[in-house]
Amino acid sequence: MAQQHTTSLRLRLRYRFDHLLSGGTTALIGWLALACLAVVLPASAVLVWSDRAAPATLSGRLTAVWVSVGQTLKIGGAVGSPLYVLASVSLALVALLFVSTLVSLITTGINRRIMLLRRGHSTVLEARHTVVLGWSDQVFPVIGELVAANANQRRSAIAVLSPQDKVWMEEEISARVGEGGRTRIICRSGSTTDPAELRRVSPRTARAVLVLPPTGDTGDAHVVKTLLALDAAVHGSGEAEGEAKGEAVVVAAVRDSRNHLTARLAAGPAGHVLCVDDIVARLLVSTARQPGLSLVYSELLDFDGDEFYPVAPGDLVGRPFGEALLSFDTSSAVGLLHGGGSVTLNPDPGATIGPADRIIVISRDDDTAVRADAAAHVEDDAIVTAAPATARAERLLLLGWNRRAPLVIEQLDQYVGPGTTLDVVALGVHAATGGARGVTAARSRLEVSFHDGDITDPLTLAKLDVPSYDGVIVIGETEPEAVDGAVDGAAAAPISSLAPVTDPQARADDRTLVTLLHLRAIGDTARRDIALTTEMSDDGNRLLAPAQDGADFIVSGRLISLLMTQISESPYLAAVFEELFDAEGHEFHLKPATDYVRAGHEVSFATAVEAARRRGECAVGYRLRARSTAGPDYGVRINPDKRLRVRFCAEDSLIVLAES
């Protein structure tokens with residue numbers, strides 16, 4: 001009963017307090033004044049009466065109590081005539097009211113400003129900065145590469161706009177990317193499809209604008225709307241009078257090839273739009289047929305290694321392009337950037353270098369492309385002439401299915417030899433519908449067979465005799481929910497996901513990791529290295545992949561991020577990459593080194609460059625088989641010094657830029 005009474009009293013007191021607060025400001029001030037007097041008066045009286053130096057008379061002590069109360073409550077506590085005391089108290093109350101109001105206004109204004117800044121609604125006042133629109137896992141490699149590219153800049157800035165909370169974005173970037181060094185990273189919160197909110201990151205004064213494709217089936221539509229909003233924000237009627245119109249480089253990416261043209265129209269003639277599906281499919285096929293090629297592109301696309309640079313031809317004007325191949329000791333010439341902005345990769349060795357042309361070289365930095373004649377290091381007696389290799393029939397295996405699978409099959413048909421077979425293993429819903437409908441184009445070389453099976457099931461993989469295939473491609477496949485409501489009473493399904501995630505791309509990566517785990521066990525049992533090319537969405541999952549060191553991974557998110565940042569820094573590279581990833585253009589190949597120079601003999605790399613030149617190709621590096629599993633380069637050497645001497649064996653490869 002006592003406990004019940006205590007609880008009831010507590011509730012009654014809380015109720016009375018709530019009622020007091022609901023009475024308004026006047027009632028609250030009155031009760032607060034009474035509460036203060038109820039505490040201050042007795043305390044002041046105690047202080048006066050306990051003070052040995054207090055006045056002896058009662059009136060003197062009451063006066064001392066009044067002085068103490070006045071000083072405590074900041075109302076003066078003046079002593080004198082009643083009129084003097086009243087005037088003093090009135091002035092003190094007015095001053096107290098004024099100061100309190102002023103402090104309240106200042107505090108409210110500061111709090112409002114802090115909240116505005118925390119919400120990321122203020123406008124970025126920067127010039128020549130880089131704007132990143134949207135938020136996905138790609139934002140982290142994009143910012144990381146931009147920070148690396150601006151490492152030698154005194155003042156640079158990156159402005160990120162997305163609907164996410166500003167503080168949360170800053171914490172995520174700090175955790176995933178780290179410190180920006182000399183580059184300031186500024187986050188703003190807002191919709192990327194609203195021109196008014198998009199102006200918060202000042203795209204009119206930016207040097208480059210990157211539009212990231214969000215995850216999900218509606219991501220491409222969001223990219224198109226963002227591009228339209230960007231055009232309205234930069235060239236709309238709401239710009240400040242006299243402000244120069246922006247000339248920023250606009251780089252965007254869409255996932256589905258069917259939306260590529262629409263996005264290009266939205267980006268305008270000066271914009272660059274990458275198609276994720278086309279590029280990933282192209283690189284998957286090229287790497288599956290030439291193991292190690294993904295390592296070459298990784299080296300060329302990030303800002304830590306060798307990159308593409310345009311250099312002035314100098315005294316090479318009027319000379320054939322073939323001479324430029326041996327005109328740089330520590331750089332590799334691969335093409336020409338013409339005066340109109342067009343690019344020619346691997347031009348004919350006899351093509352004349354014009355006065356408006358610039359030589360595209362692969363070099364460590366823009367100041368390392370120094371002219372030095374390397375022709376004296378060529379050893380003619382070490383050059384061999386091998387007949388072009390004839391395409392042979394192969395057995396290939398494709399595990400999984402997604403919207404890029406038809407593009408992969410289409411690309412394979414253009415490269416393989418007649419009689420090549422491709423076995424596709426995918427979940428029944430994909431094999432029956434996606435496979436039948438997606439691969440309808442006539443194929444002249446490739447014979448495709450579809451098989452229903454779960455690629456995460458070790459029994460399914462065991463029946464395939466995976467080591468017998470010449471090449472295996474694993475692509476991300478999202479498991480349908482219960483695959484049309486699985487058969488009742490069926491046995492428990494194998495582990496197909498490592499975490500209960502809802503993101504389709506994350507689920508696809510999880511299934512890929514499980515598949516790779518089983519493939520590694522199969523390879524270990526057979527004591528054979530499986531020629532494996534794997535597609536993933538998240539670069540973080542690649543680090544978890546149970547595969548041999550130096551294996552080929554095409555991480556779509558990181559690949560597109562690298563391409564976008566490279567183009568944002570050097571717009572002419574859009575034409576370079578367009579040809580590299582076009583079926584009719586030139587691309588990098590890994591070809592047997594012994595088709596160019598004598599095996600077992602130590603030769604200069606300049607000799608390999610000359611041997612490739614005689615075949616109409618540009619040699620830019622090599623891969624040594626003996627070091628293919630040793631990091632960090634896994635045997636790949638891009639742009640070696642042409643004076644470097646190397647001994648090639650039958651299993652080593654020369655990296656050349658040649659016609660597809």
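Which residue has its charged end over the ring of Phe140?

## Charges over rings

In this predicted model, Arg176 places its charged end over the Phe140 ring, at 4.1 Å from the ring centre. Phe140 also belongs to an aromatic cluster, together with Trp135 and Trp168.

Another arginine is found over an aromatic face: Arg615 lies over the ring of Tyr596, 4.4 Å from the ring centre.

## Aromatic pairs

Eight aromatic pairs are found when the whole structure is searched. One of them joins Phe308 and Phe577, with 6.3 Å from centre to centre and 75° between the planes, an edge-to-face arrangement. Phe308 is part of strand β7 (residues 307-311) and Phe577 is part of helix α20 (residues 573-580), so this contact ties together parts of the structure 269 residues apart in sequence. Phe308 is buried, at 4% relative accessible area. Phe577 is buried as well, at 3%.

The pair of Tyr622 and Phe648 has ring centres 5.5 Å apart. Its planes meet at 80°, which is over the 60 degrees required, so this pair too counts as edge-to-face. Tyr622 comes from strand β19 (residues 618-623), whereas Phe648 sits in the loop between β21 (645-647) and β22 (653-659); the pair therefore ties together parts 26 residues apart in sequence. Tyr622 and Phe648 are both buried.

## Summary

The edge-to-face pair of Phe308 and Phe577 links a strand with a helix, and the pair of Tyr622 and Phe648 links a strand with a loop. Arg176 is placed over Phe140, and Arg615 over Tyr596.

How values were computed. Residues numbered from 1 in each chain as written. Predicted model: local features only at pLDDT ≥ 70, side-chain atom pairs only at ≥ 80, totals over all residues. Heavy atoms only, no water. Phe/Tyr/Trp six-rings, centres within 6.5 Å; stacked < 30°, edge-to-face > 60°. Helix = DSSP H or I, 4+ residues; strand = E, 2+ residues; numbered from the N terminus. Buried < 20%, exposed > 50% of the residue type's maximum accessible area, 1.4 Å probe, protein only. Lys NZ or Arg CZ within 6 Å of the ring centre and 35° of its normal.
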